[in-house]
2 protein chains.
Amino acid sequence: MDKQTVTIYDVAREAAVSMATVSRVVNGNPNVKPATRQKVLDVIDQLDYRPNAVARGLASKKTTTIGVVIPDLTNSYFSELARGIDDVALMYKYNIILASSDENHDKELQVVDNLTAKQVDGIIFMGNQISDELRESLDRAHAPIVLAGSVDEQRQLPSVNIDYVAAVTDAMNRLIQRGNKRIAFVTGSMDESINHDYRLKGYQQALSSARLNYDAGLVFQTDYSYRAGYALAQALQDVKATAAYVGDDELAAGVLNGLTDAGVDVPADFEVITSNDTRFTEITRPRMSSITQPLYDIGAVSMRLLTKLMNNEEIGERTVVLPYGLKKRQSTK
Amino acid sequence: MDKQTVTIYDVAREAAVSMATVSRVVNGNPNVKPATRQKVLDVIDQLDYRPNAVARGLASKKTTTIGVVIPDLTNSYFSELARGIDDVALMYKYNIILASSDENHDKELQVVDNLTAKQVDGIIFMGNQISDELRESLDRAHAPIVLAGSVDEQRQLPSVNIDYVAAVTDAMNRLIQRGNKRIAFVTGSMDESINHDYRLKGYQQALSSARLNYDAGLVFQTDYSYRAGYALAQALQDVKATAAYVGDDELAAGVLNGLTDAGVDVPADFEVITSNDTRFTEITRPRMSSITQPLYDIGAVSMRLLTKLMNNEEIGERTVVLPYGLKKRQSTK
DNA sequence: ATGAAAGCGCTAACAG
DNA sequence: CTGTTAGCGCTTTCAT
């Protein structure tokens, strides 16, 4: 039942060199004579030696493992980001410890402490409520961290996103130009900075530029789920909205189908525009117009940035803003 | 830049006990006098001591970390399974190292070796082509493994699934009873055991029970993507199929929309039934009829089974088969 | 109930 | 270019 049969010591003995030398060839240290390197390599091959990453981690204080905290694995927005993270992590030979936070503050704290105990070399964090408590936990990790597709209202933490304010403003302008006067704003919790400090700001800016009144009754705060959106159909009609900006694609799909099933014609009688351009936008009928953002890239760039931070490389800008766009499909006129 | 400031040694000194005692209280060993336990606890609190999991792992040969290999993070089928795995892992205090395989055989081998190096205590594997090579790698891990929502044609590895053959047979019978004579079979690669050895078998069984001929021209092998399904619309009409069983929900959504956009009325002129009952089935219009399966539970039960295996607990059946169902929605008559 | 001591498998100075 | 020697921080016998 030995997990580890052959160790670096066995290789050293068999190859008649010191373990330091074995360590050197394993780690690609150039200070080894080709002949002995080959000899060691042969023995490694013959014994089928595999370095123990845990021992390595303890000795070197580097685990080549990063932590990724994700609010919801089953939400396409996050899983697309994760894919970008994963690809780049692989490229740089880092393993990922996945930690689900369920957008729950206590759990976020817990998982971060947990990642710290595991001595991760860095953390990619997705989530939009960075409390002071969390900031402390993150500090204790003594490891670099970057926010992926998430914002830090205090702009202290390195992050990669798009310009959410401008994106929402653009989306709103589109709706306003088409003559909509009562446009609903539908997103997740306003406790999330991205909703409260960015999207809502964009919403209000567009309104005020168009000299339209801001009506709190048009603001819907719910959770990011299809069901939640579907359930909103009646309320949306009750407030006489003729369009909606929605902060999540599944939520938007729910709004769209809820409305359609209630006999509302989208986009003729009601326009909807969503935020993340995930695959859901193509699957619904009508297809959903959306803000577009390079999700995979946001994840990939986050991870790349993290590697730089972990290597103490020179960083240009700690907050990288990627370009967004607007894609008109069928849910808007 | 010290990652670890306070160690067990510091606590021992400060509490005037040996590190062995500190270790005992940290690990909940009952052989500690309540008074000294309290003293140690106080010092731990005061110094904000956090055990280093890496050192622990090296000393105890247990990392409380498991590896999860997943073909595609962005596919709902797998992410739903992962959610179940994750929840139970948390419950038993295991961390998850996530390893994407991209349904690529070489990558599977590589990630398994990687997980082995990291000394994971167990592995949950999703994927349906267990080659001999992979089996060897898995063996070398010296860690228990369970297949989640995946099959091992050789039935050697512990796994949790539904009865795929029966499920597909049921789905086919439904289609056949409605009078369909030419039913397409649309799935991913036939190299995958689940497609070749299970689903296809169910398809053929249903056909033969109904005395319908098996026509290889009705079998479509593609990848699990919306685009792939969408692109199949013409081919499906060319072979004069009037219905299709589809092995993946996104793929099915593609088939459905492709057909609809080509002017085919679903379900009036063409029925489709899919396999995984993920959220996509509710979002498409018409909604998709589907085999139902307890995805979250499959993941959860897999993880639970793995914990038992890791603790050398007595296991009843190494292959657990969960119930499936059939849900009629609007894509079938 | 508690302590001493020997590792776990590897890296990293430091010599030579 | 290679070997020696300490640890890394913790668990785990084995004594006491």
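Predicted model: local features only at pLDDT ≥ 70, side-chain atom pairs only at ≥ 80, totals over all residues.
**Ground rules.** I number residues from 1 along each chain as its sequence is written, and chains are lettered from A in the order in which they are written. Local features need pLDDT of at least 70 and side-chain atom pairs count only at pLDDT 80 or more, while totals for chains, interfaces and linings use all residues, and side-chain values use heavy atoms, with hydrogens and water left out.

**Interface.** I started with where the two chains meet. I found 55 residues of chain A in contact (heavy atoms within 4.5 Å) with 55 residues of chain B. Together the chains bury about 5200 Å², and 51% of that is on carbon and sulfur atoms. Buried area here is the accessible area (1.4 Å probe) that two parts lose on being put together, summed over both.

Next I looked up charged pairs. The rule finds ten salt bridges across the interface of chain A and chain B; a salt bridge is a side-chain nitrogen of Lys or Arg within 4 Å of a carboxyl oxygen of Asp or Glu. I noted one between B:Arg50 and A:Asp113, at 3.4 Å from N to O.

Then came polar contacts: 32 residue pairs between chain A and chain B, both residues at pLDDT 80 or more. Such a contact is a pair of N or O atoms within 3.5 Å; within protein, one must be able to donate a hydrogen and the other to accept it, and residues adjacent in sequence count only if both atoms are side-chain atoms.

Which element gives the most to the side of chain A that touches chain B? I got α5(A), with six residues. Helices (H or I, at least four residues) and strands (E, at least two) are DSSP runs, numbered from the N terminus. By type, that side of chain A has 18 nonpolar, 16 polar and 21 charged residues. Ala, Val, Leu, Ile, Met, Phe, Trp, Tyr, Cys and Pro count as nonpolar, Asp, Glu, Lys and Arg as charged, and the others, Gly among them, as polar.

**Largest pocket.** I read its volume as about 1300 Å³. A pocket, on a 1 Å grid over the protein atoms alone, is an open set of points where a 1.4 Å probe fits, with protein on both sides within 12 Å along at least five of seven lines; lining residues have an atom within 4 Å of a point. The volume is the space filled by probe spheres set on the points, which are joined across faces, edges and corners.

I counted 45 lining residues, and those nearest the centre are B:Thr63, B:Thr64, B:Tyr94, B:Asp121 and B:Met310. α6(A) gives the most to this lining, with six residues. The lining divides into 21 nonpolar, twelve polar and twelve charged residues.

**Second largest pocket.** This one holds about 990 Å³ of space. Of its 33 lining residues, A:Arg56, A:Lys93, A:Asn95, B:Asn114 and B:Ala117 are closest to the centre. The largest share, seven residues, comes from α6(B).

Most residues other than glycine have a negative phi, and most peptide bonds are trans. I found a cis bond joining A:Val266 and A:Pro267, with omega about 10°; A:Pro267 lies in the loop between α12 and β9 of chain A. Another cis bond joins A:Arg285 and A:Pro286, with omega about -5°. A:Lys240 has a positive phi, near 60°, and sits in the loop between α11 and β8 of chain A.
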